[in-house]
Amino acid sequence: MKRILSWAAIAVGVVYFFLPLVGMLEFSLKMRRGEYSLDAYASVMGDPQFQATFGYSVLMACLTIVFGVLVVVPTVFWVRLKLPRLRPFMEFITLLPLVIPPIVIVFGYIRLFNTSSWLPLTGTTFGTDFLLMCGYAVLALPYMYRAVDTGLAAIDLRTLTEAAQSLGAGWITVLAKVILPNVLVAVLSGAFLTFAIVIGEYVFAALLDRPAFGPYLVWAGGNKAYEPAALAVITFALTWACMVLIQFATKFSKHTRMPR
Amino acid sequence: MRSSRLWRALPWNGLGVLPFLLFALLFLLLPTANIVAGAFVDSDGGFTLKNIFNIFTPEIMNAFWLSIRLSFTSALIGCILGFAIALAVVLGGLPSWIRGVVMTFSGVTSNFAGVPLAFAYVATLGRVGFVTLLLRDWFGVNIYALGFNMISFWGLVAAYVFFQIPLMVLIITPAIDGLKREWREAAEVLGATGGQYWRMVALPVLGPSLLGTLALLFANAFGAVATAIALTGSLLSIAPILLFNQIRGDVLQDPHLGYALAFAMIVITGISNGVYVVMRSRAERWIK
Amino acid sequence: MTVFKTLTSGVSLLAMLVAGAASAQSLDEITAAAKAEGNLTTIALPHDWCGYGAVLEGFKKKYPEIAVNELNPDGSSADELEAVRANKGNTGPQAPDVLDVGLSFGPAAKEEGLIQPYKVSTWDSIPAEAKDADGFWYGDYYGVMSFIVNTDMVKNVPADWADLMKPEYAGAFALSGDPRSGNQPLMSVMGAGMAMGGKPGAESAAKGLEFFAGLNKAGNFVPVAGKTGTIAQGATPIVAAWDYNALAWRDTLAGNPKAEVIVPASGTVAGVYVQAISAYAPHPNAAKLWMEYLYSDEGQLGWLNGYCHPIRFNDLAKRDVIPADMLAKLPPAAAYEKAVFPTLEEQAAHKEAVTAGWDATVGVKVE
């Protein structure tokens with residue numbers, strides 16, 4: 001009985017989730033009247049707007065990941081090592097991006113960093129791009145911080161650091177050559193999650209007027225007939241690839257871990 | 001190296017977290033504080049509660065009430081169905097590969113929110129959507145003639161539930177994992193039936209986790225704006241879209257109202273997440 | 001590099017100001033100054049609206065030294081004014097240089113001090129009713145309100161506004177946006193109001209709101225911004241839009257699905273849009289050069305190619321400059337003969353009443 005109910009629950013879940021995916025795949029193939037074709041995909045790939053905005057978002061995602069790693073990894077390391085009493089405070093801060101709706105955060109950016117303020121970031125293209133990257137980093141912060149925190153909890157931080165220092169390593173060497181390789185898996189999973197978030201993000205890019213993939217998707221949804229479904233399929237495939245890569249990286253790390 | 005006592009007494013350890021704190025201050029705390037402060041400031045810069053009072057117009061109240069109803073309903077349904085799926089995967093006696101697949105799939109679909117979800121939804125249940133045409137051609141059922149509408153309350157709930165269920169599955173599965181087998185065995189030794197075990201042991205233990213996740217799902221749906229914009233072209237009267245239109249085009253003809261709207265949104269999601277944090281700390285008593 | 005550009009443009013601007021303060025700038029001076037500025041920021045110019053895509057390409061080909069930065073293509077007239085307001089003193093890429101808004105938004109912008117005056121060299125051939133005497137705003141093109149119908153989904157094409165109330169059009173009709181912020185949906189409401197017997201102005205607003213309230217209650221109104229995508233995906237089978245937009249969208253759909261454009265039999269309202277330069281434009285000379293281009297024969301014919309009637313249409317026709325095939329593509333003249341061109345006062349009264357009453361009267365509720 002239990003097994004039947006379990007299978008039933010899974011079946012309901014499968015139907016509920018697969019139908020939209022099948023639906024969007026089917027709709028994306030209907031561009032040519034009366035027959036299935038890949039016309040919508042060809043139209044999407046050949047659209048210079050798609051290439052430009054997608055390239056922009058991929059670049060921003062990579063920059064955000066690097067920036068996030070540079071800010072988060074040393075911080076988590078330091079807190080674990082020297083400032084354990086600061087942990088609840090850090091947890092609170094990393095929970096804030098989930099509490100404050102992103103639209104409120106970007107509204108704050110527009111008001112705080114306009115050209116009549118003390119830090120006129122929106123005055124130049126570069127400044128606005130930097131602001132957007134910081135916004136993305138804020139959105140990804142809870143996931144990145146949590147992933148790295150869990151990763152660092154699994155290794156014996158104090159011993160490793162002291163061993164490296166007794167061999168003469170400075171802080172940078174410790175971080176780059178000892179800590180980072182050990183948490184690479186955690187960092188990678190945070191990185192893929194960040195990638196997925198940045199690619200699909202809409203509100204920040206729309207209100208800061210930057211040519212990112214999210215606003216392009218919304219624009220396509222209103223102005224194009226069959227391309228939006230093709231875009232949704234492409235986005236889904238990308239997100240799936242990111243998640244699979246995370247799983248792959250995690251499995252891979254299990255093999256390289258020495259048995260204790 | 002300087003060796004004065006004063007030098008050594010300074011909190012040098014804080015320097016390590018300085019970049020992070022600077023980042024959080026500049027790009028998270030200050031903007032939010034700016035908005036909160038702006039909600040209480042009028043055109044001359046003086047303190048006022050007028051902006052807050054101005055929120056209580058029928059139009060804005062309707063938008064917020066709709067947002068609250070939509071978020072709560074989708075969170076509740078997501079909670080129940082997600083819990084059922086998680087139970088099935090962890091305790092349902094299914095083959096072990098199912099768990100991995102379900103977890104990966106949940107990870108993907110919970111991130112599939114936003115604009116692509118709206119497209120998938122239209123492609124499935126829209127006027128010429130896959131399921132609509134399927135039902136019409138195979139079963140003779142025209143859901144639109146029966147009154148179905150994607151932009152109706154239940155239509156939107158259906159769209160939101162799409163990313164609520166996987167989020168629930170992802171969060172509640174570790175909690176169900178924490179239900180120790182020893183408790184089940186102890187209950188059976190003492191003569192409890194399956195139902196009694198669930199009613200008196202498992203559900204009370206899982207309770208805080210369930211409630212906390214419900215609160216998290218609520219806050220998640222409340223702030224979600226991209227899906228709704230993609231579905232309706234920013235005409236739908238929910239709180240985040242109202243704020244979006246206010247920021248973009250000042251549709252309410254009062255610039256200060258934007259601050260007050262944002263502040264109200266923070267209050268609602270803040271309360272909801274506060275519930276989540278409290279519940280989580282209570283849950284961690286039993287489930288480590 | 002940016003600092004250098006700013007310095008050079010600053011120096012040349014200063015020179016312009018000193019030289020140009022006394023007399024109006026010549027086209028050559030403007031061109032040189034615009035090229036020194038190197039950038040033009042436009043806002044809310046969809047590429048399929050009046051053939052703006054081709055017009056922008058033409059401008060870029062003629063002046064390759066000027067990079068065009070396009071903001072928010074789906075923006076409404078109100079979004080454009082808000083962008084100017086929000087970016088006062090901001091010389092960054094979010095500040096628009098030039099605006100293209102509905103007629104009723106022009107005087108409002110002038111009053112608020114959001115725009116600066118400029119008279120293009122072809123100023124005299126612009127009809128007097130369509131421009132501000134002081135040169136703050138000037139009409140650019142016009143069209144009449146029409147319906148675009150997805151004939152794959154709708155078998156009987158509605159002939160008039162009143163037809164939309166029929167039960168066969170349940171969940172079928174949509175506006176192209178929010179009437180409180182966009183000029184196109186605002187004028188759609190006026191068209192409906194006029195068809196119900198109201199004179200343009202406060203009456204058309206009252207009757208229009210009443211019409212849409214009834215449409216909403218009957219379940220025929222869809223609260224979604226209608227466009228090519230939503231028409232094809234079936235969410236909005238019938239959309240009210242300017243005839244030039246409806247024809248351009250029909251072309252984009254390219255028969256899949258099939259679409260038809262009809263002008264409603266009554267309540268034929270014509271709408272003029274106006275151009276203006278932002279008072280806080282970061283690149284005022286590039287903005288002026290853009291205006292000169294738009295109002296040259298080349299620019300006006302570019303709009304004509306996009307199914308619009310450019311504002312200098314009569315002048316162009318008199319000088320026999322319009323190619324015959326372009327003329328043939330235009331929507332039939334019959335609709336334009338009985339179209340009503342509301343005056344500024346009528347439009348302002350209508351706008352005020354609709355903005356105030358839309359949410360309360362029509363009250364689109366999600367149930």
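A polar contact is a pair of N or O atoms within 3.5 Å, where within protein one must be able to donate a hydrogen and the other to accept it, and residues adjacent in sequence count only if both atoms are side-chain atoms. By that rule, five residue pairs, both at pLDDT 80 or more, are in polar contact across the interface of chain B and chain A. This is a predicted model, in which local features need pLDDT of at least 70 and side-chain atom pairs count only at pLDDT 80 or more, while totals for chains, interfaces and linings use all residues. Residues are numbered from 1 along each chain as its sequence is written, chains are lettered from A in the order in which they are written, and side-chain values use heavy atoms, with hydrogens and water left out.

**Interface of chain B and chain A**
- Helix α2 (residues 18-38) of chain B gives the most to the side that touches chain A, with 13 residues; helices here are DSSP runs of H or I with at least four residues.
- In contact, meaning heavy atoms within 4.5 Å, are 69 residues of chain B and 78 residues of chain A.
- The buried area, which is the accessible area (1.4 Å probe) lost by the two parts on being put together and summed over both, is about 6,500 Å², with 82% of it given by carbon and sulfur atoms.

**Fold of chain B**
- The secondary structure of chain B comes to 13 helices and zero strands, strands being DSSP runs of E with at least two residues.
- The C-alpha atoms of chain B fill a box of roughly 65 × 65 × 35 Å along the principal axes.
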